[in-house]
Amino acid sequence: MTTNNFNNMEESEKYMVDFYGKVLKGVENMMNTSPEDLKSDTLEKELVFQIGKSRLFHYKPLVEPDKVLKIPTMITYALVNRQYMMDIQPDRSVIRNFLEHGLDCYIVDWGYPTREDMYMTMEDYINWYMNDFVDYIIEHSGCPKINLLGVCQGGTFSSIYTALHPAKVNALVTMVTPVDFETNDGLLFAWSKSMDIDSLVDAYGTVPGSLMNISYLLLKPFDLIVDKYIGFGEKMDDPTYLQNFLRMEGWIFDSPDQAGETLRQFVKDLYQDNKLVKGDFKLGGETVNLKNIKCPFLAVVADYDHLVPKAASEPILDAVGSRSKKLLNFPVGHIGMYVSGKSQKQIAPQISEWLVNHSA
Amino acid sequence: MPGYDDYFKMGKDFQDNLMKQYKEGLESIGKLYGMTDVMENFAKASGMDEKNNPVNAWYEAVKAYSPGEGSYDAYSKMMNYTWKTFQDQMTKFPELMKTWGAADMGSNFSMPTMMDIMSRMSESSAIYNQVFNFWKDFQDSMPLDTPEKIKAFTKKSEDLIAENVKTMMSTMLPPQFADLGGSYATLFENMNGTFKSFASPWLPDQAAMTDIIRRMMEGDSEAYSDYIRYVSDAYTNSFGKIFNLVGIGVNREDTEQQAQTLDSYMRLMFSYTELVSLILKIARKTSEALTQDYAAAMTDGSEPMDFKKFYSMWLKTNEQAFENFFASAEFTKAFNQFASDASQFKIKSDKLMEKMLAQIPVPTNTEMKSLYKTVYDLRKEVAALQKQVQELEKKAAAK
């Protein structure tokens, strides 16, 4: 036993010495890393339309003009994080993958709400901003209908939009999108049920993204606060790994503040009362019936999603009225959907292929 | 029929008796554990001496506040006392305002700089080192073949996790809050410091309190949560009511607002300490189980784990325990209560701040919110009108 202990100890101490050696080398790498090395959102695109702080960008195609899909696709991201996750770095870019498959991509950048945006409601985001963006694309592309691709909360918005404006949507794709909020599988769902959202919104007006981040960290505290950085220390002597990590780290904590009235409605009507799948959700006085979604529909679900569990995302398939509908699920997490190897090799190509096939 | 003086005497006797029992209870615990000095200091710190006893001031004020006996003087006497207590607490306000100001919270989580990441790395590395030293110590002490050895290691494991929790909380929360609860000792110290002027003289059941303190001293982690709930209830039934009294006089609105702000601060402290005590309870239970499992495995003659395996086991065990705990109704309730109390405190202290700002020529939050609403309504109106114009233009062009 003693001998084993000694050997074990020696090996482990050597490991710790090596670990700190790597950290030292990593620090040197960090000192040699410039902000330019960490840039995301590098694909060429044009700002084509703006309402308030929200902007609509049009990506420059990466295929010959005759190979670009005629029906454009508008990508709508969640309000709680930034849309450049879809183009986090050149070799891990879902958008690049879409463009290479010939999709004509637009993306909504919701911007950073400030206190002057505290009264913005879901109705404003969906029936005003999204609707104006869609109208712009329809007008400038000459297509009477466009494809919508919604990510996470952006998928919920896109579903509501499609249910209310079916004539403008050719096909709908939702990725890791919560629709049925009954479940308590994910901690956010469990906590939100009894959350005093009124006090939070009344206190802040626009709720700081930093507060939202605290709750995300609590979902996996040891993994996200301790082990993530230990893992980083073990590999930060590799400059490529270091840059990828820092880029992700930048995105994770780049969380815009939330327009209070929108958050209030999202939590109360959806997380707490689950009105959308029950058919009780109203926007601008109009009841949102998901059965009105009759266009071709694709739901993309992550098997290991700790933010939007499958119990919340899969039921959309039964909720919509589309005859042509499909579920794609992948063994990845919420973020892995965009940055994992599978994302580039399987997920983005399959979505592109589905959109191409349904955009005749 | 008993008169006012009789009721006053009954109340005073009850209170005196309560204080006597409380002191005796503390003395007996002190003797039992050979900690007389500690208990005496605790009694003093809890505001149990006559001079600092707010109950006396309250009773005096109430006594004088019988019809025809100088009600205004009595009321102002009571409010003066309340105000003085409040002023003491107000000295902490600038720090608290900083803590709960959106901008300051935001600054902790803005886009990370290299220095932020290095700082997070350094905190994680500190935890890694602590786990490594713990593992090393463990290996050196093998086999853990006596209950005493296991107990000693369980204690070390608890200290380790308490330190880890503190480091993790400092990563998530602004420093003013993170420092409030790194261990049971600091948690208790802070809790006691917060409520000593308010709730302690009002404790309804001395025997229950004595029992809780005994359990705390014996290392019962449940007792800390019980203590906080007990004190919180005592506050709710005593000063919690006073701070929510309807004010009178010219400055009644200000007085009410100030008292209610202090009340919301107290409630925030209670819910925060309760939340931390629950977290520490899970940390303690997990570290106990982890130490015992590992010791048992080693005693069975298994190969000792190298550090990487041990760290992996430590991480998984803790993560799983906390994941289960965070999914529990107990945590959800405490967490949401804390968030709600924090929001309420911000709402009330912001309003108080507005009162202070009213004297200087700057727009207040309420005024700005009104302005934001006007701008928002106008923006919508303009957008709708623009749409109408575009429609008309299209129609005109089509003709």
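A nonpolar core here is a set of buried Ala, Val, Leu, Ile, Met, Phe, Trp, Tyr and Cys residues joined through C-beta atoms within 7 Å, where buried means 20 or more other C-beta atoms within 10 Å of a residue's own, with C-beta atoms placed from the backbone. This is a predicted model, so local features need pLDDT of at least 70 and side-chain atom pairs count only at pLDDT 80 or more, while totals for chains, interfaces and linings use all residues. Residues are numbered from 1 along each chain as its sequence is written, with chains lettered from A in the order in which they are written.

**The core**
- The largest nonpolar core has 164 residues, and A:Met74, A:Ile75, A:Cys105, A:Val173 and A:Met337 touch the most other members.
- Leaving out residues up to four places away in sequence, A:Met337 touches A:Ser343 and A:Ile347, among others (contact: C-beta atoms, placed from the backbone, within 7 Å).

**Helix H15 of chain A**
- Both A:Ser343 and A:Ile347 are among the buried residues of H15(A).
- There's a kink of about 30 degrees at A:Ile347, shortly before A:Pro349; the bend is the angle between axes fitted to the seven residues ending there and the seven starting there.

**Where the chains meet**
- On chain A, 51 residues are in contact with 48 of chain B.
- Elements giving two or more residues to chain A's side include helix H1 (2-31) and H8.
- In H8(A), residues including A:Pro221 and A:Phe222 meet residues of H15(B), including B:Leu315 and B:Phe322.

Note on methods. Helices (H or I, at least four residues) and strands (E, at least two) are DSSP runs, numbered from the N terminus. A residue is buried if 20 or more other C-beta atoms lie within 10 Å of its own, exposed if 12 or fewer, and partly exposed in between; C-beta atoms are placed from the backbone. Two residues are in contact if their C-beta atoms, placed from the backbone, lie within 7 Å.
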